[in-house]
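Subject: Salt bridges in the model

Hi there,

Here is the structure I promised to pass on. Have a look first, and then read my notes on its salt bridges below.

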Amino acid sequence: MDGEGLLAVRENGAAVAVKAPVTVKASRGEVAVDGVTYRRLVFSAASAVRINGKPYRGIAEISFSDKGLVVVNELPLEDYLVGLINCEISSAWPIEAIKAQAVIARTYAINRREARRNALYHLESSVIDQVYNGCEIEDSRARRGVSETTGEVLTYDGAVIQAFYHSNCGGKTEAAENVWGASIPYLKGVDCQYCLLSSSSSWDQRLPLKELEGRLRAAGFKAAGLTDIRGGARNNRGRLKNVIAVAQRGDIAITGDQFRKAVGYGVIKSTNFTVRVVNGDAVFSGLGNGHGVGLCQWGAKQRALEGFSYAEILSYYYPGTELKKLSGIR
């Protein structure tokens with residue numbers, strides 16, 4: 001921990017004398033600094049607290065969990081969004097695309113905050129929720145996109161929506177029920193040709209069957225002696241419902257999403273792919289990047305380039321929703 005004018009407070013509110021930089025360790029189920037243990041420590045600084053070299057606005061609360069130390073960054077929502085923009089897209093994109101991203105990120109965060117109101121924290125800082133790496137890559141265009149949409153969220157029937165989004169849909173966004181099993185009226189899937197102009201819309205991957213077998217077995221699938229891999233049935237949006245792994249003990253049907261998780265989201269970028277085995281390698285060719293539900297970020301960029309406003313972009317990807325100020329939602 002580091003930062004100009006770094007201050008530390010323990011769980012009872014008492015100040016703890018620290019000299020930056022501070023090394024925080026886990027010790028016997030508590031948080032230790034210089035050999036002294038505490039149940040919880042809260043750090044603040046003049047402008048930003050540096051954690052593992054990265055600056056974060058607000059305060060950093062450190063406690064112990066069964067997985068080790070947990071660091072929770074508490075900061076105002078709008079500041080969080082400014083730091084998020086360049087983690088999720090690029091502030092060099094058209095301003096209407098940046099504003100669309102600001103609105104859906106705010107909407108997603110509000111929805112998660114409500115769902116996890118009694119949890120230790122509301123949002124993960126990775127793709128599990130939204131990518132956030134602190135304030136180091138904030139800039140004026142990111143701040144403009146956030147400030148020009150201050151307090152705006154997407155709603156359906158008066159309630160803040162589940163604003164799922166992804167990088168590239170590959171031509172069609174996905175219906176929520178095909179991924180998570182729950183039908184959501186504003187997440188039925190729409191056609192999107194805009195993202196196809198991006199180089200990220202298609203991908204290829206080649207994996208030796210032996211390596212693929214190892215990844216599947218590590219994920220709990222009985223895929224010993226893998227000899228073939230085939231695409232199974234497709235859903236109404238064109239993505240694979242399942243993948244068939246041919247192994248010593250017979251065929252194994254793995255859902256498309258389970259397959260992506262087992263092999264790696266960065267390896268199998270979407271469930272819209274074909275696969276064939278060539279000389280002992282599984283050769284994949286796919287479209288899109290991500291789960292495909294909600295707004296397509298690369299599609300939004302292209303729509304913005306073609307003159308659509310952020311409100312028009314959002315209403316396209318989330319049909320039937322309304323843009324509202326948080327202050328106007330009861």
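Which residue forms a salt bridge with Glu-138? The partner is Arg-143, and the closest N and O atoms of the two lie 3.3 Å apart. By salt bridge I mean a side-chain nitrogen of Lys or Arg within 4 Å of a carboxyl oxygen of Asp or Glu. Glu-138 is buried, at 17% relative accessible area, while Arg-143 is partly exposed at 38%. (Buried is under 20% relative accessible area, exposed is over 50% and partly exposed is in between, with a 1.4 Å probe and protein chains only.)

Before you read on, please note that this is a predicted model: local features need pLDDT of at least 70, side-chain atom pairs count only at pLDDT 80 or more, and totals for chains, interfaces and linings use all residues. Residues are numbered from 1 along each chain as its sequence is written, and side-chain values use heavy atoms, with hydrogens and water left out.

The structure holds 19 salt bridges. One of them pairs Arg-206 with Asp-281, at 2.9 Å between the closest N and O atoms. Arg-206 sits in strand 14 (residues 202-208) and Asp-281 in strand 19 (residues 281-287), so this pair ties together parts 75 residues apart in sequence. Strands here are DSSP runs (E, at least two residues), numbered from the N terminus. Arg-206 itself is partly exposed, at 45% relative accessibility.

There is also a network: Glu-96, Lys-99, Arg-144 and Glu-148 are joined by salt bridges that share partners.

Happy browsing!

Conventions. Helices (H or I, at least four residues) and strands (E, at least two) are DSSP runs, numbered from the N terminus.
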